[in-house]
Amino acid sequence: MGQLVEIIAKALVDHPEEVTVTEVEGNQSIIVELKVAPEDMGKVIGKQGRIAKAIRTVVKAAATKENKRVIVEII
């Protein structure tokens with residue numbers, strides 16, 4: 001899941017070298033923490049959070065195959 005979030009985020013930002021993704025795996029869920037440069041934060045979140053919501057939807061669909069619950073946090 002982390003790779004998927006990283007690929008999507010790097011395609012959106014101006015500074016892809018500053019994108020870092022951390023995964024914390026539990027029993028039933030995975031927390032994916034996405035960190036980007038401060039000036040790229042708006043590009044990842046989007047107007048009214050639309051891009052962030054779309055990223056979460058795509059990751060959730062991919063996680064359904066593994067019967068896991070994924071939480072994407074943008075830091």
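Predicted model: local features only at pLDDT ≥ 70, side-chain atom pairs only at ≥ 80, totals over all residues.
Residues are numbered from 1 along each chain as its sequence is written, and side-chain values use heavy atoms, with hydrogens and water left out.

**Whole chain**

Show the protein chain as a cartoon. Three helices and three strands make up its secondary structure. Helices (H or I, at least four residues) and strands (E, at least two) are DSSP runs, numbered from the N terminus. Follow the chain from the N terminus and the order reads α-β-β-α-α-β.

Of the 75 residues, 27% count as buried.

**Helix H1**

Select residues 2-12, which form helix H1. Colour Gly2, Val5 and Ala9: these residues are buried. Look down the axis of H1: the buried residues fall within an arc of 65 degrees, so they line one face of the helix. That arc is taken from the directions from the helix axis to the C-beta atoms. An α-helix has 3.6 residues a turn, so residues three or four places apart point the same way.

Next, turn to the face of H1 away from its buried side. Which exposed residues does that face carry? They are Gln3, Ile7 and Ala11.

What covers the buried residues of H1? Select strand S1 (20-25), strand S2 (29-35), H3 and strand S3 (69-74); the cover includes these elements.

**Valine 58**

Move to helix H3, residues 50-64, and pick valine 58 within it. Is valine 58 buried or partly exposed? Its relative accessible area is 41%, so valine 58 is partly exposed.

Show its surroundings. Leaving aside neighbours within four places in sequence, valine 58 is in contact (heavy atoms within 4.5 Å) with Leu4 and Ile8.

Then draw a distance from valine 58 to glutamate 39. The two lie 19 residues apart along the chain, and their C-alpha atoms are separated by 24 Å.

**Last stop: contacts across the chain**

Zoom out to the protein chain again. Take contacts between residues at least 6 apart in sequence: 54% of them join residues at least 24 apart.

Definitions and conventions
Buried < 20%, exposed > 50% of the residue type's maximum accessible area, 1.4 Å probe, protein only.
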